[in-house]
Amino acid sequence: MTGPGAPPRTSRTRARAAANLRRIPPGNFAGHDHGAHHMEHLWPTIDRLVRWLDTETETTPEVARLLRVLKISEEAGEVAEAIHGVSRSNPRKGAGHTWQDVEKELCDVILSSMVALRTITPDAEKVFAERLDHVAQRSLTS
């Protein structure tokens, strides 16, 4: 149960939720080719993540929607932090990041954006495809 009257989360509940997330989707990550194989699982996996978040959140759907959009900014900040770490632009913080860290953080921005898009529209896949086509047509035509 979630919401104002729900009991507080325990570490056991959080551990169970984390274990559930590790199983989404089963068998589609380790040991498989990268590329087209994963693309067929992309939106179904996003759907599962959204459903998981919906069942595990303690906020109203309206607040959850806003928080998922705001999550994109949080993840973008982590990209910026990783870039600073790679470029050693802040001597106080040192060089604690690699380009692989930047890649991971960029993926988190993309995933957060996809989750937010699916949260605000059930037609996320269509909306994204149409936007991609629009940008490609506008940008790639001579």
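Predicted model: local features only at pLDDT ≥ 70, side-chain atom pairs only at ≥ 80, totals over all residues.
For surface patches I take residues with over 30% relative accessible area and no salt bridge, joining like charges within 9 Å and nonpolar side chains (Val, Leu, Ile, Met, Phe, Trp, Tyr) within 5 Å. A salt bridge here is a side-chain nitrogen of Lys or Arg within 4 Å of a carboxyl oxygen of Asp or Glu. Areas are Shrake-Rupley with a 1.4 Å probe, and for residues only the protein chains shown count as cover.

Numbering runs from 1 along each chain as its sequence is written, and side-chain values use heavy atoms, without hydrogens or water.

Patch: I found Val63, Leu67 and Leu70 making a nonpolar one of about 260 Å². Leu67 sits in helix 3 (residues 61-87); helices are DSSP runs of H or I, at least four residues, numbered from the N terminus.

Confidence: I checked pLDDT (the predictor's confidence in each residue, 0 to 100). The chain averages 82, with 72% of the residues scoring at least 70. Helix 1 (residues 11-22) is lowest at a mean of 50, and helix 4 (residues 99-120) highest at 97.

Rings: I looked up aromatic pairs and got 1. Trp43 and Phe128 are tilted, 6.4 Å centre to centre with 55° between the planes; pairing needs centres within 6.5 Å, with planes under 30 degrees apart stacked, over 60 edge-to-face and the rest tilted. Trp43 is in helix 2 (residues 36-56) and Phe128 in helix 5 (residues 124-140), so the pair ties together parts 85 residues apart in sequence.

Technical notes
Helix = DSSP H or I, 4+ residues; strand = E, 2+ residues; numbered from the N terminus. Phe/Tyr/Trp six-rings, centres within 6.5 Å; stacked < 30°, edge-to-face > 60°.
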